[in-house]
Amino acid sequence: MFHIYNTNTKQKSNFVPFHPVALRMYVCGPTVYDFLHVGNFRGAIFFNAVRNWLERRGFRVNYVYNYTDVEDRILNRAQTEGVAPKEISERYIREFEKDYKSLHLRPHTHNPRVTEFIPQIVTFIEQLIAKGKAYQVNGDVYFDVHAFPQYGQLSNKNIEDLEAGHRIDVGDRKRHSVDFALWKAAKKEDEESWDSPWGKGRPGWHIECSVMSTVLLGETIDIHGGGLDLVFPHHENEVAQSEGCTGKLFVRYWMHNNMLEFGSQKMSKSLGNVRTGRSFIEEYNPEILKFMMLNSHYRSIIDFSDEQIMRTIQSL
């Protein structure tokens with residue numbers, strides 16, 4: 001018996017898996033439009049260690065780590081370079097996997113791409129509409145958060161406070177300001193899109209993980225991981241979609257790793273302190289990156305300032 005801090009309950013609790021031996025774990029992977037910054041590697045490194053530790057304790061871990069290969073930043077970069085979106089996404093999947101391999105991390109059980117699951121995503125959205133959890137307007141489909149009473153439990157937010165901070169603009173198609181997109185209608189004829197009952201379009205960001213997790217791991221999984229910045233809205237929306245569709249508990253234990261700072265400053269393009277994992281690995285060593293990520297508690301902030309990097313190296 002051991003304990004896990006569960007983001008959903010905000011406390012440590014005994015870990016009781018859905019199945020006594022076979023464990024199902026899903027971790028949100030990167031959106032592949034560029035080299036990953038160093039902070040993206042914290043989840044990749046930490047949850048690899050979690051999987052290894054669980055297997056040492058006798059579990060068989062089915063570990064899914066996805067790639068988001070359709071998204072505005074991918075489309076924009078493809079348009080800038082004059083290439084197909086798939087060329088951009090596959091290029092940076094290869095680059096990430098090169099870095100991942102250099103860290104001597106074990107392969108995941110599955111690395112699904114969103115574009116491989118479009119039919120299942122469409123079916124999932126159809127089921128949400130049929131159950132009164134979603135609605136379509138002129139080719140767009142939105143999740144109705146008011147149709148899911150538990151919305152906000154994971155992130156400790158309530159709908160009234162969220163709506164107070166948002167407004168519906170003139171011409172907005174949503175019923176409520178906090179409703180979120182499940183399917184986005186194509187706006188241009190040459191835009192990457194797929195056929196659906198609502199016309200050509202592409203999936204929203206949140207629905208992707210719900211579908212890939214459900215298809216590959218089942219309706220209820222043991223552990224869902226990701227960065228702390230994903231708790232809201234991404235993971236909150238995953239819960240609403242998944243449980244709204246299946247009527248079953250989506251995740252038994254939520255685990256979130258904290259962020260990185262650079263001398264008490266968050267990584268930001270405006271501050272000029274954005275650093276890729278590739279540049280760090282080339283300047284120092286993959287093992288230094290792993291050591292820094294694993295030498296601190298996963299729910300604490302890690303300082304990645306130059307001074308802290310040098311202190312870490314000198315201590316080895």
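Q: S196, buried or exposed?
A: S196 is buried, with a relative accessible area of 16%. The cut-off for buried is under 20%. Keep in mind that this is a predicted model.

Q: Where does S196 lie?
A: S196 is in the loop between β7 and β8.

Q: What is S196 in contact with, leaving aside neighbours within four places in sequence?
A: On that basis S196 is in contact with V122 and W183.

Q: And how far is S196 from L128, C-alpha to C-alpha?
A: The two C-alpha atoms are 14 Å apart in space. In sequence, S196 and L128 are separated by 68 residues.

Q: Back to W183. How are the rings of W183 and W198 arranged?
A: Their centres are 5.8 Å apart and the planes make an angle of 55 degrees, so the pair is tilted.

Q: Where do the two partners sit in the chain?
A: W183 is in strand β7, residues 180-185. W198 is in the loop between β7 and β8 (201-203), and the partners are 15 residues apart.

Q: Are W183 and W198 buried or exposed?
A: Both W183 and W198 are buried.

Q: How many aromatic pairs does the structure hold?
A: There are 19 aromatic pairs in the structure. One of them is F2 with F15, with ring centres 5.0 Å apart and planes at 20 degrees, so that pair is stacked.

Q: Which parts does the F2 and F15 pair tie together?
A: F2 belongs to the segment before β1 (3-6), and F15 to the loop between β2 (11-14) and β3 (22-27), so the pair ties together parts that are 13 residues apart in sequence. Both F2 and F15 are buried.

Q: Which residues are in the cluster linked by ring pairs?
A: The cluster consists of F2, F15, W53, F59 and Y253.

Q: Changing topic: what about the backbone? Which residues does the cis peptide bond join?
A: F232 and P233 are joined by a cis peptide bond, with omega about 5 degrees. P233 is in helix α7. For background, most peptide bonds are trans.

Q: What is the phi of H104?
A: The phi of H104 is positive, about 55 degrees, although H104 is not a glycine. Most residues other than glycine have a negative phi.

Q: Where is H104 found, and is it buried or exposed?
A: H104 is in the loop between α3 (85-102) and α4 (118-130). At a relative accessible area of 63%, H104 is exposed; the cut-off for exposed is over 50%.

Q: And N156, what is its phi?
A: N156 is not a glycine either, and its phi is positive at about 60 degrees. N156 sits in the loop between β6 (140-143) and α5 (159-164). N156 is exposed, with a relative accessible area of 66%.

Q: In which helix does N237 lie?
A: N237 lies in helix α7, residues 231-246. N237 counts as buried, at 2% relative accessibility.

Q: What is N237 in contact with, beyond its neighbours within four places in sequence?
A: N237 is in contact with Y151, F180 and H206.

Q: D179 next. Where is its place?
A: D179 is in the loop between α5 and β7. D179 counts as buried, at 3% relative accessibility.

Q: Which residues is D179 in contact with, with neighbours within four places left aside?
A: D179 is in contact with Y135, Y142, F143, D144, V145 and K174.

Q: How far apart are D179 and G58 in space?
A: C-alpha to C-alpha, D179 and G58 are 42 Å apart, and 121 residues apart in sequence.

Q: Now the whole chain. How many helices and strands?
A: The protein chain has 10 helices and 12 strands.

Q: What is the radius of gyration against that of a compact globule?
A: The protein chain has 20 Å, and a compact globule of 316 residues would have a value near 20 Å, so the two agree. The C-alpha atoms fill a box of roughly 60 × 50 × 35 Å along the principal axes.

Q: What share of the residues is buried?
A: Buried residues make up 51% of the 316. The accessible surface comes to about 15,200 Å², with 49% belonging to carbon and sulfur atoms.

Q: What share of the contacts is between residues 24 or more positions apart?
A: Of the contacts with a separation of 6 or more, 75% are between such residues.

Q: How many positive and negative side chains?
A: The protein chain has 38 positive and 40 negative side chains. The centres of the two sets lie 6 Å apart.

Methods: Residues are numbered from 1 along each chain as its sequence is written. This is a predicted model: local features need pLDDT of at least 70, side-chain atom pairs count only at pLDDT 80 or more; totals for chains, interfaces and linings use all residues. Side-chain values use heavy atoms; hydrogens and water are left out. Helices (H or I, at least four residues) and strands (E, at least two) are DSSP runs, numbered from the N terminus. The radius of gyration is taken over C-alpha atoms; the globule rule is 2.2 Å times the number of residues to the power 0.38. Buried means under 20% relative accessible area, exposed over 50%, partly exposed in between (1.4 Å probe, protein chains only). Contact means heavy atoms within 4.5 Å. Accessible areas come from the Shrake-Rupley method with a 1.4 Å probe; for residues, only the protein chains shown count as cover. Lys and Arg count as positive and Asp and Glu as negative; His and the chain ends are not counted. The place of a charge is taken as NZ of Lys, CZ of Arg, CG of Asp or CD of Glu. Rings of Phe, Tyr and Trp (its six-membered ring) pair if their centres lie within 6.5 Å; planes under 30 degrees apart count as stacked, over 60 as edge-to-face and the rest as tilted.
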